[in-house]
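Work through the following exercises with the sequence and the model at hand, and compare each step with the solution given.

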Amino acid sequence: MIPLFKVSMSESATGAATQVLTSGHVGQGPKVAEFEQALAERIGNPNVVTVNSATSGLHLALHLVAGAAADGTGEVLSTPLTFEATNFSILANRLRVRWVDVDPDTLNVDLDDLARKITPATRAIMVVHFAGYPVDLARLTGILDQAEAKFGFRPVVIEDCAHAWGATYRGRELGTHGNISVFSFQALKHLTCVDGGLIVFPDEAMAKRARLLRWFGIDRTADRLRNAPDVAEYGFKFHLTDLNAAIGLANLSEVDDVLHKHRENAAYYDRHLAGVAGLRLTERAAERNSSHWVYPVLVENRDAFVKRMDEAGIMVSQVHERNDKHECLREFSALLPGMDHVAERMVCLPVGWWLSEQDRRQIVETIAAGW
Ligand SMILES: Cc1ncc(COP(=O)(O)O)c(C=O)c1O
């Protein structure tokens, strides 16, 4: 079976992990600081804060901008086409979800629908760069400008970049466009720590508060034996460990090769799948360079397509179920024609670094032969 996902683990990760395990310091310490320094340089933004998962990162980011002051009435605009972590962070912060429809061309939020749904109750906007294809961030900034002119406040945008390590918008890394960005280093992502995450902030003050709140609100740099610091604001246990950071650092040195292979495979599909009857490719804009975590397509007669791929030994999947149909989110249900269209047709193909020349040819030939 050609897998849809595979763990990308550098051979040097074993030695790096062993070194930490025998060092006498396995919790958050110097390796986390080193990893953060490397991530800041790579992204081009010093305001980075590692956490133990993107789930924790989304929870903490939303807590900082809205959750800490939530009274049960605030809304967060969000997409139903994502992993549950995106939307459960809204529930965990005692905020309400307002669904924004999905654009079938990009699989990201429909920005026209988003612009219509901003109201005085909007506390934040959650967008997902689905499969690593960046949301049109300049247009989103324009929508925020209009909201500010109309309502007198500017909703904070949290970009869920869990699929999007290495993706760029207008030539600059995600995490440098003025919003809060959250990355995942979970096992199946381009860059893995086994489990881990990163929040990238637009300013130092927010990053400083997040550094406190990721570990109970307690200042880890203070001398707690002689002069225990006061805790002004309660926090969480969301910090990354040196063990995970060492594994992340080892993988960071190879992630550009991984990313390059995903992009090469995607370009191959772009060339060879265009024009196949019953199959629609998603948008490619020159200014939005996707990380191609997976390769989503919209197909007619999806059940037959999946069966045909299964028979050919090619693993495909929807990857994420639409979130708005879950019982725990049903009270927020809305008419979402774009999501309905996508829910019946979307399927993701393997596109990762592990595909051989023969694998990707087999995938293209199987699809081109019809289903
Ligand atoms: C879109 C999206 N957001 C958030 C997450 C959560 O990431 P983590 O497993 O690092 O908590 C995932 C995980 O796959 C995801 O796909």
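**Exercise 1: a helix pair**

Helix H3 (residues 54–65) and helix H4 (residues 84–92) pack with their axes 9 Å apart, at an angle of about 40°. Axes are lines fitted to C-alpha atoms, for helices over the stretch in contact, and angles run from 0 to 180 degrees between N-to-C directions; helices are DSSP runs (H or I, at least four residues), numbered from the N terminus. The model is predicted, with local features needing pLDDT of at least 70 and side-chain atom pairs counting only at pLDDT 80 or more, while totals for chains, interfaces and linings use all residues. Residues are numbered from 1 along each chain as its sequence is written, and side-chain values use heavy atoms, leaving out hydrogens and water.

Task: Classify the angle between H3 and H4, then identify the residues that make the contact.

Solution. Step one: the angle makes H3 oblique to H4, since angles under 35 degrees count as roughly parallel, over 145 as roughly antiparallel, 65 to 115 as roughly perpendicular and the rest as oblique. Step two: Thr55, Leu58, His59 and Leu62 of H3 make the contact with Ala85, Thr86, Ser89, Ile90 and Ala92 of H4, where contact means heavy atoms within 4.5 Å.

**Exercise 2: a second pair**

Task: Determine how H1 is oriented relative to H8, and list the residues that meet.

Solution. Step one: the axes of helix H1 (residues 12–21) and helix H8 (residues 242–252) cross at roughly 155° and come within 8 Å. Step two: that makes H1 roughly antiparallel to H8. Step three: Ser12, Ala13, Ala16, Ala17, Val20 and Leu21 in H1 meet Asp242, Leu243, Ala246, Ile247 and Ala250 in H8.

Notes
Helix = DSSP H or I, 4+ residues; strand = E, 2+ residues; numbered from the N terminus.
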